[in-house]
Amino acid sequence: MYADTSTLPIAAVILWLGALFASATPWLNQLDPIAILSAFWTFNPDQYASVLAHHSWAPRVSIAMLIGCGLGLAGAVTQQILGNPLASPTTLGVEAGGQFGITVATLFAPGLLAFSPDLAAIGGGLLAIGLVIALTWRLGFSPVTVILAGLVITFFLGAMNMAFLLLKGEWLGNLYIWGAGSLVQNNWGPFMDLWPRVLVLAILMLLLMRPLQLLQLGQASASSLGARVGLIRVLALLLVVLMSTTVVSRVGVVAFVGLAAPVLARLLGARTLGSRLLWSTVMGGGLLLLADTLAHWASTWGDGSLVPTGTTTALIGGPVILLALQGIRNTHHMPGQESSPAGFQPKRRSPVMISGVIVTLLLATIVISMGWSPGLDDWNWTPITQWHEAWVWRGPRLLAATLAGVALGLAGTLIQRMTGNPMGSPEMLGISGGAALVMVMIVLSGLEVGRLGQLGAATLGAAAALGLLILLARKHRFAGNQLLLGGLALYVFMDAGLRLVMASGGTVAAQLLNWMYGSTWLTSESEAFGLMAFIVLICGFLCLVVRPLTLLPLGDTSASALGLPVAKARLLLLLVAAVLTASATVVIGPLSFVGLIAPHLARVLGQQTVGRQMIAAALVGGLLLAAADYLSRIVVYPGQLPAGLLAALVGGVYFLWGLSRHGRA
Amino acid sequence: MFTNSQPFRLITALLLSLLPMLASAGTWQHEQGTLTLDEPPKRVISLNWAATETLLLLGVTPVGVADRDGYSVWVKEPELPNGVYDIGARVAPSLEAIAELKPDLIVTSSEMAPAAQLLEQIAPTYVISAYQEGSQPFDKAREMLLTLGAMLDREERAQAILADIEQTLDTQRQRLEKAGLTDRPVALVNFLDDRHVRIYAPNGLYQRALDGLGLTNAWSRKGNFWGFSVVGLEAIAPYEDSRVVVISPTLPGLSDNLANSPFWTYLPPVKREQIYQIDATWPFGGVFPIKRLAKQLTDSLLEGGSDNVR
């Protein structure tokens, strides 16, 4: 089941030497091997190639290794704290927070950035983790709630970053690069600044190793041995944040190293905590060096424009996660998914009352959205007799947004029920990612497509992603975690493309970002009605599949024993979820996260059984996006924000409030 | 004989009375169909800055423009008068605001292709894209100027603007040639941070200014369709012979960071003190930035370079 432990050192040596050699190759025709090696400490001022090697290449290689090691270690510690291989500094919101800090500093305090780029990034990262900790403290700081809160914070801060990029894009040219991660260096300064800090943080992390080991025993046993579980987690998390933000502050977001390195180490046979920490660190350094070399090579092909390292780390991270899909066998390696969120069982409420309230709110939103609107000079109230005129501009988009919310709410509930993992959602399953990937490729190729082309491309992408997932997951009888990991890998690929676009030019990126966060304003009347017919059809079908959904989370054995063809049921439900997601993605983009938030809101509102949760989630999703669409139209009128972005903001705030309020009760 | 001429005169008179209308009415082919106008449009809306600039050059003040405030910061010239409505972002304009202004012509680019039908519902839409795969921005901008000139009955003005730009390029080239400053290639860059620059490629708008001034672009590779490539600073190192022209704005602290980097101080153009800096010019505009750039570039080259950015 696992590779032999002796493969680890061999793999590490091959990775490091291969990457180093590959990195040095372009210099071979200008400098002799000794000169290349000595570029790390000296240079010949009369030979320009030598100057370049010493001041540009050598620091870049060094910083790649340093940062890779730091992120690998931070990733391994995060996974240990939270006991979930999907957890990484990225999913805790640390990088989104760092970017938020840099964005705010660039816009409002450019002097601070010139003084020290670290402060802004670290401040942002601490803000993110501070929010996560504050929200989950009362809930005993359990891993699942931490991961959930981390994800929501990631989306929330990510959405804020995007809002700034869309509204102030011209002012944030540096952010497009920072967000994509580039290890280009032109002196030794950053490396010299970084290495002592990374070393100190690494030592502190290792000091926490013994207490961290206790966490493996589970909360109860660890507490009985006298470990202050919450405190250890907080301390370790703080170190993770400091490590991640310190390294990314200088080079930007190099995503997925912190996720891929520990996964790779585990795959190659690192089992004890000590060996996992060691080999994740080593693998992280090797991986990033390899990725950066690829990025450097790719930059010299084609038209010579920069290929950010964030792109290649994502391109490498994707396959590693896919490998993990084959290698990580069973659910017991993912403790996160088994324990349902501690204290996340709010008291049940009458479904009629809850549905009534949401429907009333939805109707109110529709009336306000149709009637009360800003004009070029002032706000005015459109009387109901003139709604047919206003309908052209306000109606189709509102209808489409509401329906997309319903679709995502349903798809999200389906997926969370099916996988039994609270992190499961159409976004996490990669179906929206597949749709987005195709769009990214279209933008990259410079083609101008019409609305119909967009629809076709998105559907094609979603279908392809789904096909790939089915292919990958077939072996595992469509079991939940393999699907999630596969989806994550797809999302990683999409992310790679997105970062490439972002780094290549602000203006193109703005267009893409707009689509990614939902361009409801492009919806025509016929599209909206088409979507409506489609959703009604699917809802009818869903009434028929409530039973399999109730049975699937009981586990394969029990479900089969109760007469359910497990694999077939999973495939069918997966298809339904995919189709729902694809139709919604075209309208609202892949990043609204309504599919993640709506089912949780339904539970917070006390709807526990499958049928009730589905209805409540659909209504909540519809309400969220209806409100988001209205707000997107009015808040910066005559400008408009993408509705999906506002949904992520509005939904995120409510979700966090629900989480913390419940903790108090 | 004269009795026969009565209907003839009538027809002549009728034709003559139609003449002013014919001069401006017409049908134009554009990137996404055809456009028919019965009379010169009075209420024009532009959905990108290149179109806004072209309209203002022609002396037509649009009733609404996309991203009005950004125009005044980034494009600056020709100046946008007060009282023009903002109709939203360039990537996502507000259709409702556009409709409220009741335009009789909308000028946009193929970037708005997904919204083409919705825009057509509001008013005749003229689609022209200076910036797309395979296009030569200056030629397209020129076409936009001449076509809008014809639509708005200002053809002479359009021709005069083009002649003025050619004239400026000629004058400035002679100044450079007289000083013997045309032989070294020029790299046009924007600093994004202290490690990365945007470098302007031969397929961009700026190339027209370099051509007109008799200068060679140091960067010979094709950029993205906006006409630039984002590169690491080390990418300009191989062009040891060239001069580096830095286009403002730059982030605060940049000159200190560069001065502390041996990589920068060893860079041949830096050693030769051939770093020049010019004021911000909008690189994705219509024809006008060429004139602005040509003047500034010539002045700055004549003034002499330094070993760092300001």
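User: In this predicted model, what is the handedness of the crossing of α1(A) and α14(A)?
Analyst: The crossing of α1(A) and α14(A) is one between helix α1 (residues 7–24) of chain A and helix α14 (residues 273–300) of chain A, whose axes lie 9 Å apart. The handedness of this crossing is left-handed.

User: Is α1(A) roughly parallel or roughly antiparallel to α14(A)?
Analyst: The two helices pack at an angle of about 25°, and angles under 35 degrees count as roughly parallel. The angle therefore makes the orientation of α1(A) relative to α14(A) roughly parallel.

User: How many nonpolar residues does the contact of α1(A) with α14(A) have?
Analyst: On the side of α1(A) the contact includes A:Leu8, A:Leu15 and A:Trp16, while α14(A) contributes, among others, A:Trp279, A:Met283 and A:Leu290. By class there are no charged residues and 3 polar ones in this contact, and the number of nonpolar residues is 12.

User: How many residues of helix α28 (residues 594–604) of chain A are buried?
Analyst: The buried residues of α28(A) include A:Pro599, A:His600 and A:Arg603. Helix α28(A) is largely enclosed by the rest of the structure, because the number of its residues that are buried is 11 of the 11.

User: Which residue with a positive phi follows α28(A)?
Analyst: Helix α28 of chain A spans residues 594–604, and among its buried residues is A:Val604. The residue that follows the helix has a phi near 85°, and this residue is A:Gly606.

User: Which strands are the edge strands of the open sheet of chain B?
Analyst: The sheet has 5 strands with parallel pairing, in the order β5-β4-β3-β6-β7. An edge strand pairs on one side only, and the edge strands here are β5 (85–86) and β7 (125–127) of chain B.

User: Which residue in β4(B) is the bridge partner of B:Ser46?
Analyst: Strand β3 (residues 44–46) of chain B runs parallel to strand β4 (residues 64–65) of chain B, and 2 bridges join them. Helix α2 (residues 49–57) of chain B lies across β3, β4 and β6 (105–108) of chain B, at about 140° to β3(B). Within β4(B), the bridge partner of B:Ser46 is B:Val65.

User: How many charged residues are on the side of chain A that touches chain B?
Analyst: Chain A has 44 residues in contact with 54 residues of chain B. Among the elements that give two or more residues to this side of chain A are α3 (48–82), α21 (451–473) and α22 (480–504) of chain A. The residues of this side divide into 16 nonpolar and 24 polar, and the number of charged ones is 4.

Technical notes
Residues are numbered from 1 along each chain as its sequence is written. Chains are lettered from A and ligands numbered from 1 in the order in which they are written. This is a predicted model: local features need pLDDT of at least 70, side-chain atom pairs count only at pLDDT 80 or more; totals for chains, interfaces and linings use all residues. Two residues are in contact if their C-beta atoms, placed from the backbone, lie within 7 Å. Helices (H or I, at least four residues) and strands (E, at least two) are DSSP runs, numbered from the N terminus. Ala, Val, Leu, Ile, Met, Phe, Trp, Tyr, Cys and Pro count as nonpolar, Asp, Glu, Lys and Arg as charged, and the others, Gly among them, as polar. Axes are lines fitted to C-alpha atoms, for helices over the stretch in contact, and angles run from 0 to 180 degrees between N-to-C directions. Angles under 35 degrees count as roughly parallel, over 145 as roughly antiparallel, 65 to 115 as roughly perpendicular and the rest as oblique. A crossing is left-handed if the near helix is turned anticlockwise from the far one by less than a right angle, and right-handed if clockwise. Two strands pair if DSSP finds at least two bridges between them. A residue is buried if 20 or more other C-beta atoms lie within 10 Å of its own, exposed if 12 or fewer, and partly exposed in between; C-beta atoms are placed from the backbone.
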